[in-house]
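This briefing is meant for a reader who is meeting the structure for the first time. Please look over the sequence and the model before turning to the notes below.

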Amino acid sequence: KNIMGVDIGRIKPYSATVVRKDGSISDEYIPTEELMKMSDKLDRLETHINYVYKKYSRAKKYGNYTIRQSMRKMDYNDGKRRRTNLKYQIARLIAVEVVNIAIKEKCKEIHIENLKWIKNRAGKWNFSAIQDCIEEVAELYNIQVVKVSAKNSSKENPVTGEIGKVNDREVKFTTGEVID
């Protein structure tokens, strides 16, 4: 059976490849332009929230309780709310895109890294929420989601199991094959 491997990341929302039953590997699947725009929007929103929070905190130290200060607090709270909603929209869109690729490639399984250990250290991404969304959407199409150990998953050959040598973003195997 065809198996899809999905890497949820910070630079790209996800990347995926399919290992086919004949041992061949598909080209890399990457997010759509719409998803990348949403990711960029999340980055800009995060920057804005941090900027407003710093200004609010700095003014609060000096006891400035002005109308402008209360507007900053409202702006900060509104930004956090919008960030939460945008993260949820991104997680749903990732799930839909990943499952659509799995359907197109006739995959019965999607393998994703078990990233529960990251918790709140992930910054803008809530990996657990993204994984939950993928599981929910995949279940609708009878596609099983398997969480695999993250250890060596970025440098292991999916067919042979060989651990390759890492050079920057590239992994080279003894067969001469190089992957990103």
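This is a predicted model: local features need pLDDT of at least 70, side-chain atom pairs count only at pLDDT 80 or more; totals for chains, interfaces and linings use all residues.

**Helix H2**
- Helix H2 covers residues 67-104, and its 38 residues should span 56 Å at 1.5 Å a residue, which agrees with the 55 Å that separates its end C-alpha atoms.
- After H2 comes lysine 106, which has a positive phi, near 60°.

**Packing of H2 and H3**
- Helix H3, made up of residues 127-140, packs with H2 at an angle of about 45°, and the two axes are 8 Å apart.
- Because angles under 35 degrees count as roughly parallel and those from 65 to 115 as roughly perpendicular, this angle makes H2 oblique to H3, and the crossing of the two helices is right-handed.
- On the H2 side, the residues in contact include Ala91, Ile94, Ala95 and Val98, while the H3 residues that H2 meets include Ala129, Ile130, Cys133 and Val137.

**Strand S3 and its neighbours**
- Strand S3, which runs over residues 107-113, is mostly covered, since five of its seven residues are buried.
- Strand S1, residues 2-8, runs parallel to S3 and is joined to S3 by five bridges, with isoleucine 3 standing opposite glutamate 109 in S3.
- Strand S4, residues 144-148, is also parallel to S3, again with five bridges between the two strands, and here isoleucine 112 stands opposite lysine 147 in S4.

Technical notes. Residues are numbered from 1 along each chain as its sequence is written. Side-chain values use heavy atoms; hydrogens and water are left out. Helices (H or I, at least four residues) and strands (E, at least two) are DSSP runs, numbered from the N terminus. The expected span of a helix is 1.5 Å times one less than its number of residues. Buried means under 20% relative accessible area, exposed over 50%, partly exposed in between (1.4 Å probe, protein chains only). Two strands pair if DSSP finds at least two bridges between them. Axes are lines fitted to C-alpha atoms, for helices over the stretch in contact, and angles run from 0 to 180 degrees between N-to-C directions. Angles under 35 degrees count as roughly parallel, over 145 as roughly antiparallel, 65 to 115 as roughly perpendicular and the rest as oblique. A crossing is left-handed if the near helix is turned anticlockwise from the far one by less than a right angle, and right-handed if clockwise. Contact means heavy atoms within 4.5 Å.
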